[in-house]
Amino acid sequence: MRYADGGGLTPTGRQRRETVRMQAAELFEQKIKPSEVARRLRVSVKSAYQWHQLWRDGGVQALASRGPSGSRCRLSPRCLEKLAVYLEQGPAAHGWVEDQVWTASRVATLIGRKFHISYSVSGATRLMHRLGFSPQVPARRVAERDEQAVTVWREATWAEVKGPGRPAGATSASRTKPASPDGRPGDGPGAGGGAPRS
């Protein structure tokens, strides 16, 4: 599930949940038990009991929505746009010339340099996800790799180094029992050995 930018529910989802809680408050006022409220509104019994407690302590206002949950982004929408542009430019444009990989640590450092705001590595990871970036595993290949030489080596040298291996059919499909010669259970303990049981 992908959450809204603020985390948690979308404004429509929050409104829908608040409507259900208000319906629960009306039922509580009619002296209907939380378990019955849960059944009627198709919510968990636990939620109904929590709402009942809130309603009893603070009335209908206690069940009103408090807005989006989670911590707010410390970068303004304009700064988020700038950050997305910086990330698209690549790490080399910002001083990391060793490779072209954005790590969460590098993004946190970039945010500190450009916006003078401190972000943790995990916070930078969440921010990258919010901007649509996903973790990438860099391909470890040398830029000067000669594909033709690699192919020749695999076909000629590797065949000599590898050796013949086991002949086909000499292996067992079971990790715990060796294969029987005829594909049948052996004469060991528990192999049957007698008439079928009735």
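Helix axes are lines fitted to C-alpha atoms over the stretch in contact, and the angle between two of them is taken between their N-to-C directions. The structure discussed here is a predicted model.

**Helix packing**

Two packed helices are described by the angle between their axes and the distance between the axes. Helix α5 covers residues 104-115, and helix α6 covers residues 121-130. Their axes lie 8 Å apart and meet at an angle of about 90°. Angles of 65 to 115 degrees count as roughly perpendicular, and α5 and α6 are therefore roughly perpendicular to each other. On the α5 side, the contact is made by A104, S105, V107, A108 and I111. Their counterparts in α6 are V121, A124, T125, L127 and M128. By residue class, this contact of α5 with α6 comprises eight nonpolar and two polar residues, with no charged ones.

**Aromatic pairs**

A pair of aromatic rings is described by the distance of the centres and the angle of the planes. Three aromatic pairs occur in the structure; among them is the pair of F28 and W55, whose ring centres are 5.6 Å apart and whose planes stand at 45°, so the pair is tilted. This pair joins distant parts of the chain, with F28 in helix α1 (residues 11-29) and W55 in helix α3 (residues 45-58), 27 residues apart. Both F28 and W55 are buried.

Y86 and F115 form another tilted aromatic pair, with 6.1 Å from centre to centre and 40° between the planes. Here too, distant parts of the chain are linked: Y86 belongs to helix α4 (residues 77-89) and F115 to α5, at a separation of 29 residues. Y86 is buried, as is F115.

**Charges over rings**

The ring of Y86 also has a charged neighbour, as K114 lies over its face at 5.0 Å from the ring centre.

**Positive phi in loops**

Two residues other than glycine, K31 and H116, have positive phi values.

| Residue | Phi |
|---|---|
| K31 | about 65° |
| H116 | near 60° |

K31 is located in the loop between α1 and α2, whereas H116 is found in the loop between α5 and α6. Exposed means over 50% relative accessible area. K31 has a relative accessibility of 74% and therefore counts as exposed. H116 has a relative accessible area of 70%, so H116 is exposed.

Terms used. Residues numbered from 1 in each chain as written. Predicted model: local features only at pLDDT ≥ 70, side-chain atom pairs only at ≥ 80, totals over all residues. Heavy atoms only, no water. Phe/Tyr/Trp six-rings, centres within 6.5 Å; stacked < 30°, edge-to-face > 60°. Helix = DSSP H or I, 4+ residues; strand = E, 2+ residues; numbered from the N terminus. Buried < 20%, exposed > 50% of the residue type's maximum accessible area, 1.4 Å probe, protein only. Lys NZ or Arg CZ within 6 Å of the ring centre and 35° of its normal. Axes fitted to C-alpha atoms, helices over the stretch in contact; angles between N-to-C directions. Parallel < 35°, antiparallel > 145°, perpendicular 65-115°, else oblique. Contact = heavy atoms within 4.5 Å. Nonpolar A, V, L, I, M, F, W, Y, C, P; charged D, E, K, R; others polar.
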